[in-house]
Every structure is written in structure tokens, then in C-alpha cells.
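Morning, everyone. Let's look at how this chain packs inside, and where it leaves a gap.

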Amino acid sequence: LLSAVRYGRIPREIVFAVAKGMYGRSKRCFKLASRRVMKELDHQYFLRHRRPRDMRTLWITRINPAAREHGIVYNKFICGLHRANVHLDRKTLCTLAETEPVTFKCLVDEAKRIMYPPKPGGNRDLS
């Protein structure tokens, strides 16, 4: 079976099993069904590998406005967390931004502390 699949020849039973819900002759005629099944399997492979990308994009689009509410852009926020050795992935940061704003604010403050250190002599009283 594996050698048949490797060379693009899928057994009839498998082709018709995959093509079961398709319209027209694609589910009955082997030649049309095999073409359609190969295209469908290729499409499913592509979607399986695109899903993690889409999820990462979704998390980033949720983290960015939450970070901007506290006065820091996404790029500086992530860079600050990495420099502070805070190892949280974007999925966790997204969950924190949505459900626990106080904890997220603490992370933002830590990132700001690292990214924008106080200037020496900047706290002087000039009066």
C-alpha cells in the first residue's frame, strides 16, 4: 500500500472511500475520482500546515491591541519579554490578555522596564 501511494497510485477502495461525498461522476468514475481525490488530499495537507500559521496570526492580532492599551507596541513587548527571560508563548499571552488583564499588565510593565530603562540623572528635581 505504501509503495502504491508513494508513486501516486492509490488503490480503488481507498479512492472511492475518500470520494464518497463528492458530486457527479467524481464519486463513481475511477479516473475522475482519482484525480479529484489527489487534489483533495493535497488540499487537506496544505490546510493542515496552514492552520498553525493562522492561529499564530490570530494570537498576535489579539495581543497587539492589548499591549497598545498599556502604551507599548507588540514588537517592543515581545522583545522586552525575551530580554527579561519571560518564556511565554503567544497562545498563553493571548489568553492572559483576554482573561487576566492584571497579570498581562504586570508582563507589560516588565517588558517596559527592560525596553525603556530609566536614564541616569533623569529623576532630578530641578526646582
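I'll take the cores, then the cavity.

First, the ground rules. This is a predicted model: local features need pLDDT of at least 70, side-chain atom pairs count only at pLDDT 80 or more, and totals for chains, interfaces and linings use all residues. Residues are numbered from 1 along each chain as its sequence is written, and side-chain values use heavy atoms, without hydrogens or water.

The largest nonpolar core has 18 residues. By core I mean buried Ala, Val, Leu, Ile, Met, Phe, Trp, Tyr and Cys residues joined through side-chain atoms within 4.5 Å; buried is under 20% relative accessible area with a 1.4 Å probe, protein chains only. Among those with the most contacts inside it are Ile63, Phe77, Phe104 and Leu107. Helices α3 (30-69), α4 (74-83), α5 (90-99) and α6 (101-115) each give it two or more residues. Helices here are DSSP runs of H or I, at least four residues, numbered from the N terminus.

A second, separate core has six residues, including Val15, Ala19, Ala33 and Val37.

Now take Leu107. Beyond its neighbours within four places in sequence, Leu107 is in contact (heavy atoms within 4.5 Å) with Phe77, Leu81, Val86, Leu88, Leu93 and Leu96.

On to the gap. What lines the largest cavity? Ile78, Leu81, His82, Val86, Leu88, Arg90 and Leu93 do. That makes five nonpolar residues, one polar and one charged. Helix α4 gives the most, three residues. The space inside is about 40 Å³.

How values were computed
Buried means under 20% relative accessible area, exposed over 50%, partly exposed in between (1.4 Å probe, protein chains only). On a 1 Å grid over the protein atoms alone, a cavity is a set of points where a 1.4 Å probe fits but cannot get out, and a pocket is an open set with protein on both sides within 12 Å along at least five of seven lines; lining residues have an atom within 4 Å of a point. Grid points are joined across faces, edges and corners, and a volume is the space filled by probe spheres set on the points. Ala, Val, Leu, Ile, Met, Phe, Trp, Tyr, Cys and Pro count as nonpolar, Asp, Glu, Lys and Arg as charged, and the others, Gly among them, as polar.
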